[in-house]
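This report looks at a strand with its neighbours and at a pair of packed helices. The sequence and structure are shown first.

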Amino acid sequence: MSDTTERQEEIRTPVLTARNVLRRFGGLVAVNNVSFDVRPGEILGLIGPNGAGKTTMFDLLAGSILPTSGEILLNGVSVSGEAAHRRIRRGLGRTFQIPRPLPNLTLIENVMLAAQGQAGEKLLANFLTPRRVAAEERAAEIRAVELLELVTIAHLAHEPARVLSGGQRKLLELARVMMADPAIILLDEPAAGVNATLLEIIIDRIRDINARGITFLLIEHNIDMVTRLCHRVLVMASGQLLREGTPDEVARDPRVIEAYLGGTA
Amino acid sequence: MDLLGYGAFFLTTALIFSLVTLGLNLQWGLTGLFNVGVAGFVAIGAYTSALLTTPDDAARLGGFGLPILVGWLGAMLVGGVAAAITGIATLRLRSDYLAITTFGVAVVVQLVALNAQKLTGGPFGIGFIPRPFGGLAETPLLFNLSNLAIVFVMTLIVYLALEHLSRSPWGRVLNALREDERAAISLGKSARFYRVQAFGVGGAIMALAGALQAHFTGFIAPDNYLPALTFQVWVMLIVGGAGSNIGAVIGSILVWAIWAGSGALTSVLFSPEQQARAASLQIVAIGVMLCVILLVRPNGLFGDRPRRARFGKGAKAAPDESAAR
């Protein structure tokens, strides 16, 4: 990325901001006073040893758990107290470390479920405005097929999601979260447990989606993947933000290496 | 002729059970809500409609002598609201805890029916509930057939509406909540709102069934709404196949056939003094049938979904959450 574009991006409102976010579980401070911005259009990596608080940070950003203190802003608006199901409507989508497909729904149903603001999800609309519901469903289905094609599993569209392999489940989650038209997607370990071929597809698709203007924040242990994908990297250890920088800078930092080899963590 | 009349009578009761089972299927089969308080919502419907439509009675509240249709609509409304309130009160409960609580609700309803004499007539129940086509009571066959027709039409309407809903985006959300609540929430669905809706709509259908039954027999008493009713309806749904509306209907007819048939059989086979004890054989018959069906078709007759552990799903800690702590 050239200097000019970087400067331009800094002026724009961050897609997502964590401000002094702290979360306690009993006596344990899982996330301790963490602040950072996710800039529009970037792929930001979040790395750190196991137990560093990365997934807790994700859950805080996504609203699955609420911060003990601190603030989370989506496109400059505070969403700290807002429930998880509302945040996706504000443009924040997330996937899970262990994928959570709906096993007995078909792939296409899985993806269509993620469409936002569907009239047919209101009970009475199904009787009062059936045509509108049907029209929206048709449109959603077309888009869902496109997204399944994008992630290369469209041939399984009408199979129940339980038949998918671990890696395919990650692809399904990616398609599903795309259906909601998010501005930013939080990916929790997209490479974990995925074979090399599928990993290439996943990396490829993330780049593709990013090129469409969607921002990513991703937790990842696969340093190779982080180096290839991420513009910037945050390092967490013991609940705190240890360092921020380009993948190369971070990889050379002795503190980061120490954290990974078991010093602080 | 007698046989035809009995057939109509039998089918009417079976279809009323079908309605209850359809309501439960929406809650359990579609949404995964473990409601073991079915009898309570049926009772609320029956009593509401009875109070609204019976002639004035000095001994208790009402009756208000309103048209039967008003009674039915009132039953659905009150039953739906009661179920929605139960849903709101139990938002944080899952699986077995939800079951215990809903069971408690049904027991409370039954005890109120038994003891709130001013409201419900107490142990003596409520009689003189107007019957549709009451004028035909002189000719039992015609009376039974017209009752069957009306119950059939109601069941058909509810069935078609539920089929439409379970294929709709609304039904898809309920399905998703049953499969994985956390995933559904992450996709923007309010688990709470949909749970309450499923409770409410299912409860309204159960209440409608209770009202139909009350007007069909003309008399209700607290004993009609014991937990055994809930048990019967659950067996019907499991036999038919949870998740399938047609399964709910067929399962109800089948189980009711075995229930009524084994009852008739014991009254023929056993001497009068042994009748009371022989009645337990009905439950044995149902139990054996349930075992056979679950062995041969674990998902019930029409259940197409594979079996999976539904219990304790909510209790299972999300693995990614625990990993970060």
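A crossover counts as right-handed if, with the strands pointing away from the viewer, the path from the first strand over the helix to the second runs clockwise. In this predicted model, local features need pLDDT of at least 70 and side-chain atom pairs count only at pLDDT 80 or more, while totals for chains, interfaces and linings use all residues. Residues are numbered from 1 along each chain as its sequence is written, and chains are lettered from A and ligands numbered from 1 in the order in which they are written.

Helices (H or I, at least four residues) and strands (E, at least two) are DSSP runs, numbered from the N terminus. A right-handed β-α-β unit is made by S7(A), helix H8 (residues 196-211) of chain A and S8(A). Two strands pair if DSSP finds at least two bridges between them.

| Strand paired with S7(A) | Bridges and direction |
|---|---|
| S6 (residues 92-94) of chain A | 3 bridges, parallel |
| S8 (residues 215-219) of chain A | 5 bridges, parallel |

A:Arg94 stands opposite A:Leu186 in S7(A), and A:Ile184 has A:Thr215 in S8(A) as its bridge partner.

In S7 (residues 184-188) of chain A, 5 of 5 residues are buried (20 or more other C-beta atoms within 10 Å of the residue's own, C-beta atoms being placed from the backbone). A:Ile184, A:Leu186 and A:Asp188 point one way, and A:Ile185 and A:Leu187 the other way.

In chain B, helices H7 (residues 169-179) and H9 (residues 191-217) pack at an angle of about 110°, with their axes 10 Å apart (axes are lines fitted to C-alpha atoms over the stretch in contact, and angles run from 0 to 180 degrees between N-to-C directions). H7(B) and H9(B) are therefore roughly perpendicular (65 to 115 degrees).

Notes:
A residue is buried if 20 or more other C-beta atoms lie within 10 Å of its own, exposed if 12 or fewer, and partly exposed in between; C-beta atoms are placed from the backbone. Angles under 35 degrees count as roughly parallel, over 145 as roughly antiparallel, 65 to 115 as roughly perpendicular and the rest as oblique.
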